[in-house]
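User: I have a structure open and would like to go through some of its details. Could we begin with one residue and continue from there?

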Amino acid sequence: MAFTKGHGTQNDFVVLEDRDAHLDLTENRVRTLCDRRAGLGADGVLRVATAGALLERGILSALPDGVAAADWFMDYRNADGSVAEMCGNGVRVFAHYLRAAGLTGESRFVVGSRAGARPVIVHDVDDTDAQVTVDMGPVRLTESSSAVLDGRRWTGTGVDVGNPHLACVPADLDAAGLAALDLTRPPEYDHTVFPHGVNLEIVTPARENRVHMRVFERGVGETRSCGTGTVAAAAAALRADGRTDGELTVTVPGGDVVVRIDDGHATLRGPSVLLASGTLSPSWWAGLAEADRTPHASQEMPVHSAPRSWIMDGV
Ligand SMILES: N[C@@H](CCC[C@H](N)C(=O)O)C(=O)O
């Protein structure tokens, strides 16, 4: 089984090319692959398949909005094995992989996701580095809610970017205060507002069209970047600034991305790095599937020790 390792602003992924969707991508395989000691280590897994193959194999129950059977589809899994609708950094790495692996020669094409079609533009690409702009689709501000993290209650705006976010922009927060927060423990949030879990962003107010953001991701924990989270952060920061539209640079621990919002529609531009490719040991990989079939065999201790309460039930 071949793999590629990549990241977008240090939100890192294992990419598995499986165009006919034959791979048995079990929770245990994803969790162990993403484990930073027992596996390769990553925040998530990106399976590269055609949308039609995923549909035929029953992994998708229908083609999402705007996605054609022949489109390449990003079958995204969080590090805890759960499925999520969208991943903004993942789409950039996925699009870069398609180009680097020769699966497309185009600079503009559509990537399918469970949240719908995501058109991309790949700029300045080589086998290792690329810049990618993603049409992130509609951004919907929902109801306000709050969460407790690091002993403080944070109030913010629910934002639907295809996946659920709570973006909090406290007026008194600066970059130093943000950097000092402890994000090692999961937030407590309102399960009636976010029945499928939530990604929580803490964001500084916009100054000179820049915000700083940290995130606690559903199904992963703190990551060094979250693309959909940066879009949610930009939408909430623009609102806090009395604006609906505009362009903001979002600085995350893993780097910078640029988010533009016009009429409730977002684009995200940022880097992708493909840093290694290799082969998984066939017996190791086969053994991970066996563990799923053996009763009481779940001795594994995922590095991302997420409480099951904030893992999504399924999409
Ligand atoms: N890192 C991602 C988001 C991945 C999914 C998220 N953890 C969820 O469960 O919704 C991004 O770059 O957007």
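User: Is Phe 194 buried or exposed, and why?
Analyst: This is a predicted model. In it, Phe 194 has a relative accessibility of 6%, so the residue counts as buried, the cut-off being under 20%.

User: And what about Tyr 189, buried or exposed?
Analyst: Tyr 189 counts as buried because its relative accessibility is 11%.

User: Moving on to aromatic pairs, how many does the structure hold?
Analyst: The structure holds 2 aromatic pairs. One of them is formed by Phe 13 and Tyr 76, with 6.4 Å from centre to centre and 75° between the planes, an edge-to-face arrangement.

User: Where in the chain are those two?
Analyst: Phe 13 belongs to strand β2 (residues 11-17) and Tyr 76 to strand β4 (residues 72-78). The pair links distant parts of the chain, as its members are 63 residues apart. Both Phe 13 and Tyr 76 are buried.

User: Why is the pair of Tyr 189 and Phe 194 edge-to-face?
Analyst: The planes of Tyr 189 and Phe 194 stand at 70°, and their ring centres are 6.5 Å apart, so this pair is edge-to-face. An angle over 60 degrees is what that label requires.

User: Which residue lies over the face of Trp 154?
Analyst: That residue is Arg 152, at 4.2 Å from the ring centre of Trp 154.

User: New topic: how many residues of helix α1 are buried?
Analyst: Helix α1 spans residues 27-34 and is mostly covered, with 7 of its 8 residues buried.

User: Which ones are they?
Analyst: The buried residues of α1 are Asn 28, Arg 29, Val 30, Arg 31, Thr 32, Leu 33 and Cys 34.

Technical notes: Residues are numbered from 1 along each chain as its sequence is written. This is a predicted model: local features need pLDDT of at least 70, side-chain atom pairs count only at pLDDT 80 or more; totals for chains, interfaces and linings use all residues. Side-chain values use heavy atoms; hydrogens and water are left out. Buried means under 20% relative accessible area, exposed over 50%, partly exposed in between (1.4 Å probe, protein chains only). Helices (H or I, at least four residues) and strands (E, at least two) are DSSP runs, numbered from the N terminus. Rings of Phe, Tyr and Trp (its six-membered ring) pair if their centres lie within 6.5 Å; planes under 30 degrees apart count as stacked, over 60 as edge-to-face and the rest as tilted. A charge sits over a ring if NZ of Lys or CZ of Arg is within 6 Å of the ring centre and within 35 degrees of the ring normal.
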